[in-house]
Amino acid sequence: YKPHNVITLFHKAGSPASLRMYTLLKQASAIASEHATEDQASDHSHQTLPGREEFELNITEDPPTAEQLKSILEYIGTQTPSTIVKGAKDKVDAMKKLKGNAENFQRPVTVDWKNGKAVAGDDISKILKMVEKKTHMAD
């Protein structure tokens, strides 16, 4: 059984904020897969149990590809592109600045590709919301 959801952490090893996200996501991933195994062993009504949706955690220190950055900029919603790419005025500018210098990418950024959500920085409450099991469709 493989989880269908991949959450990527664009990580910077020397950054305290990034390390906090790394630890948090590692723990959430372990808890989620523990619950999934318990649920499957007991019965098939596991949708009603609280817990987290199982996900695969992908940690990378590489900057996102142009395609990934485009998605991330759509996922951040009301946050400005400069929270993702240093000094970016808009999406086009963000693409240019990242191409010019990969260091312009502001890590940590956590991306939930399946559910189309991205969180810049170490906003723990937003990350916890992201990894919580989706019990209902409405946000």
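1. In this predicted model, I59 touches L9, H11 and Y22, not counting residues up to four places away in sequence. The residue belongs to strand β2, which spans residues 55–60.

2. I59 counts as partly exposed because its relative accessibility is 29%, and the partly exposed class lies between the limits of 20% for buried and 50% for exposed. A further relation concerns T110: I59 and T110 are separated by 51 residues in sequence, while their C-alpha atoms are 9.3 Å apart in space.

3. The largest nonpolar core comprises 15 residues, and L69, I72, I84, F105 and V109 are the ones that touch the most other members. At least two residues of this core come from each of α2 (66–75), α3 (91–100), β3 (109–112) and β4 (117–120). The greatest contribution is that of α2, with three residues. Apart from this core lies another, of twelve residues, including I7, L24, L25 and F55.

4. Leaving aside neighbours within four places in sequence, F105 is in contact with F10, P63, P64, L69, I84 and L98. Of these partners, L69 and I84 are also among the residues that touch the most other members of the largest nonpolar core. As general background, nonpolar side chains tend to be buried together in soluble globular proteins.

5. Helix α4 covers residues 124–131, and its residues I127, M130 and V131 are buried. These three lie on the same side of α4, because the arc they cover around the axis is only 85°.

Methods:
Residues are numbered from 1 along each chain as its sequence is written. This is a predicted model: local features need pLDDT of at least 70, side-chain atom pairs count only at pLDDT 80 or more; totals for chains, interfaces and linings use all residues. Side-chain values use heavy atoms; hydrogens and water are left out. Helices (H or I, at least four residues) and strands (E, at least two) are DSSP runs, numbered from the N terminus. Buried means under 20% relative accessible area, exposed over 50%, partly exposed in between (1.4 Å probe, protein chains only). Contact means heavy atoms within 4.5 Å. The arc is that of the directions from the helix axis to the C-beta atoms. A nonpolar core is a set of buried Ala, Val, Leu, Ile, Met, Phe, Trp, Tyr and Cys residues joined through side-chain atoms within 4.5 Å.
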